[in-house]
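These are my notebook entries from going through the model.

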Amino acid sequence: LGEMTAIVRFNVRNNALRGTIPSEIGAWTSIINFRVENNMLNGTLPTEIGAWTLIDWLYAFKNTLTGTLPTEVVLVAVE
């Protein structure tokens, strides 16, 4: 996944996916929409997504993710 750096929209919602979200997605610096809601993902959102300065939509609800949003993402949302 980390080699696909030109991703703009990523949508895998409602797919019963299991596991964690890999830190390699932080390389997706062109990402605008990231949708992984309604799966069975666990763990935390990787702090590397703080590099997503263009992010507009980040949907990760209806999973079993823990922790808080990385500070970098919160700062982007405020700007």
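This is a predicted model: local features need pLDDT of at least 70, side-chain atom pairs count only at pLDDT 80 or more; totals for chains, interfaces and linings use all residues.

**Contacts and overall make-up**

I started with contacts, meaning heavy atoms within 4.5 Å. Of the contacts in the chain with a separation of 6 or more, 44% are between residues 24 or more positions apart.

Residues are numbered from 1 along each chain as its sequence is written, and side-chain values use heavy atoms, with hydrogens and water left out.

Next I looked up the secondary structure, taken as DSSP runs numbered from the N terminus (helices are H or I, at least four residues; strands are E, at least two). I find one helix and six strands, and the pattern along the sequence reads β-β-β-β-β-β-α.

Then I checked burial, where buried means under 20% relative accessible area, exposed over 50%, and partly exposed in between (1.4 Å probe, protein chains only). The chain has 79 residues, and 33% of them count as buried.

Which strands make up the open sheet, and in what order? It has three strands in the order 2-4-6, with parallel pairing; two strands pair if DSSP finds at least two bridges between them. Strand 2 and strand 6 (64–65) are at the edges with a single partner strand each, so one side of each has no neighbour in the sheet. I wrote down the general point too: strands of a sheet pair through backbone hydrogen bonds, either parallel or antiparallel.

I zoomed in on strands 2 and 4, which run parallel and are joined by two bridges. For Gly19, the bridge partner in strand 4 is Leu41.

**Aromatic rings**

I searched the whole structure for aromatic pairs and got six. Rings of Phe, Tyr and Trp (its six-membered ring) pair if their centres lie within 6.5 Å; planes under 30 degrees apart count as stacked, over 60 as edge-to-face and the rest as tilted.

Phe10 and Phe34 form a stacked pair, at 5.5 Å centre to centre and 15° between the planes. Phe10 is in strand 1 and Phe34 in strand 3, so this pair ties together parts 24 residues apart in sequence.

Is Phe34 buried or exposed? Phe34 counts as buried, at 2% relative accessibility. The ring of Phe34 also pairs with that of Trp52: the centres are 5.0 Å apart and the planes at 55°, so I logged the pair as tilted. Trp52 is in the loop between strand 4 and strand 5 (57–59), so the pair with Phe34 of strand 3 ties together parts 18 residues apart in sequence. Both Phe34 and Trp52 are buried.

Ring pairs link Phe10, Trp28, Phe34 and Trp52 into a cluster.

I went back to Phe10 for its other neighbours. Leaving aside those within four places in sequence, Phe10 is in contact with Trp28, Ile31, Asn33, Phe34, Arg35 and Val36. Ile31 is 21 residues away from Phe10 along the chain, and their C-alpha atoms are separated by 7.7 Å.

**The salt bridge**

How many salt bridges are there? The count is one, taking a salt bridge as a side-chain nitrogen of Lys or Arg within 4 Å of a carboxyl oxygen of Asp or Glu. Its partners are Glu37 and Arg35, at 2.6 Å, N to O. In general, side chains of opposite charge can pair when their charged atoms come close.

I looked up burial for both. Glu37 is buried, with a relative accessible area of 4%, and Arg35 counts as buried at 19%.

Glu37 is in the loop between strand 3 and strand 4. Leaving aside neighbours within four places in sequence, Glu37 is in contact with Arg13, Asn14, Tyr59, Ala60, Phe61 and Asn63.

**Two asparagines with positive phi**

Asn14, from that contact list, has a phi near 60°, a positive value in a residue other than glycine. Asn14 lies in the loop between strand 1 (9–11) and strand 2 (18–19), and is partly exposed, with a relative accessible area of 48%.

Asn38 also has a positive phi of about 60° without being a glycine. Asn38 is in the loop between strand 3 (33–35) and strand 4 (40–43), and I noted it as partly exposed at 36% relative accessible area.
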